[in-house]
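Thanks for coming, everyone. Please look at the model on the screen while I talk.

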Amino acid sequence: MAVPHLIRRGVSGGSPLHPLRGLLFASQEVGRRSLSSAAGDAADQLKGAREEVKQLLKATSCHPILVRLGWHDSGTYDKNITEWPKCGGANGSLRFDVELKHGANAGTVSLSLLIQPIKDKYSGVTYADLFQLASATAIEEAGGPKIPMVYGRVDVAAPEQCPPEGRLPAAGPPSPAEHLREVFYRMGLNDKEIVALSGAHTLGRARPERSGWGKPETKYTKNGPGAPGGQSWTSQWLKFDNSYFKDVKERRDEDLLVLPTDAVLFEDSSFKVYAEKYAVDQDAFFSDYAEAHAKLSNLGAKFDPPKGFSLN
Ligand code: HEM
């Protein structure tokens, strides 16, 4: 697919489309009008962007990749670093080539290209908000819980502000439980949140040519939707429900994926309490997932206004 020049430049380092442009206009406006009315305008822009995301989801079934986009922007957060944006997190840094090229982000360039036309249309919405809006909307549109999201995230301005490589989890480390705790505790998340968030793998597929994980195709993926191929964790991999926990527990079908970091959720005694519960109680999963997802989406974020604002 030919990539329009403007779109390419919009996601790469040193973009002439200054990423803070919308924000600067917005902050000048604040001088003239009340803060609440500025937040109102931002909310209108976000609502417009949300409708566009819904159309994109309908047209391309890209729910899984949008969820992964939000997660990979926010999941770089390090709670031990107090300085913003050195701490990483939900700050829009994933739009820059330097971060898109991190090994864990293989395949995410296309994500930014999907999102860029929406950013161009609603330029007052920051990338950081747009990535998280897209992810939460994808969960909700796939049948998942309503996520109590807050908006107003500020973008980093330059590729130099991207986090170093290696902050996202690996799928096959020597000690999966230890590794998950090391990575997610660094983000300030706990065992319950690790298990709940892993349930996002109810959506999507792994592709050997991207991550090295998964089969080239299975009976569940050979006809798409979207680009065919890869291996999914669940049979209906565009539907958000608790089937991930059932399928990982039962391992009834070789066509379904179980990464070492998925399997350990039923092996580690602390993780297991939650994994077993979610396998039989979808309401409990949805409630814990919604809370954990909202927390994940706020990691390392700097909000303007300082407490952010919600959309109704
Ligand atoms: C617990 C540690 C995690 C590990 C080790 C992990 C690892 C992976 C791997 C290896 C893939 C396949 C990528 C590919 O081949 O294209 C993947 C896909 C995915 N991950 Fe995770 N992940 C983790 C946590 C999460 C979390 C917390 C979320 C969201 C809240 C998430 C959402 C997704 C989604 C939706 C996909 C499918 C993407 C697609 O279909 O294109 N993952 N993950």
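Predicted model: local features only at pLDDT ≥ 70, side-chain atom pairs only at ≥ 80, totals over all residues.

One definition before we start.

Is the peptide bond from D304 to P305 cis or trans? The bond is cis, and its omega is near 0 degrees. There is another cis bond to show you. This one runs from G224 to P225, with omega near 5 degrees. P225 sits in the loop between β1 and β2, and β2 covers residues 231-232.

Next, backbone angles. S61 is not a glycine, yet its phi is positive, near 50 degrees. Find S61 in the loop between α3, residues 35-60, and α4. R251 is another non-glycine residue with a positive phi, about 45 degrees. R251 belongs to the loop between α10 and α11, where α11 spans 260-263.

Now the ligand. How many residues surround the ligand? There are 27, and the closest are I65, H201, R205, R207 and S211. By class, that shell has 18 nonpolar residues, five polar and four charged.

Where do the shell residues come from? At least two come from each of these elements: α4 (63-74), α8 (176-186), α9 (191-198), β1 (205-206) and α13 (282-298). Which element gives the largest share? That is α4, with five residues.

Let's look at some atoms. H201 places a polar side-chain atom 2.9 Å from a nitrogen atom of the ligand. W71 also has a polar side-chain atom by a ligand nitrogen, at 3.3 Å.

On to charges. Side chains of opposite charge can pair when their charged atoms come close. How many salt bridges does the structure hold? The count is 16. Take the one between E193 and K295, where the closest N and O atoms are 3.0 Å apart. This pair links distant parts of the chain. E193 is in helix α9, K295 is in helix α13, and 102 residues separate them.

Last stop, a helix pair. Helix α10 is residues 243-250, and helix α12 is residues 269-280. They pack at an angle of about 115 degrees, with their axes 7 Å apart. The crossing of α10 past α12 is left-handed. Which residues make the contact? From α10, they are F245, K246 and K249. From α12, they are A275, E276, Y278 and A279. Sort these contact residues by class and you get four nonpolar, no polar and three charged.

That's my tour. Questions, please.

Notes
Residues numbered from 1 in each chain as written. Heavy atoms only, no water. Axes fitted to C-alpha atoms, helices over the stretch in contact; angles between N-to-C directions. Helix = DSSP H or I, 4+ residues; strand = E, 2+ residues; numbered from the N terminus. Left-handed = near helix turned anticlockwise from the far one by under 90°. Contact = heavy atoms within 4.5 Å. Nonpolar A, V, L, I, M, F, W, Y, C, P; charged D, E, K, R; others polar. Near = heavy atom within 4 Å. Polar contact = N/O pair within 3.5 Å; in protein donor to acceptor, adjacent residues only side chain to side chain. Salt bridge = Lys/Arg side-chain N within 4 Å of Asp/Glu carboxyl O.
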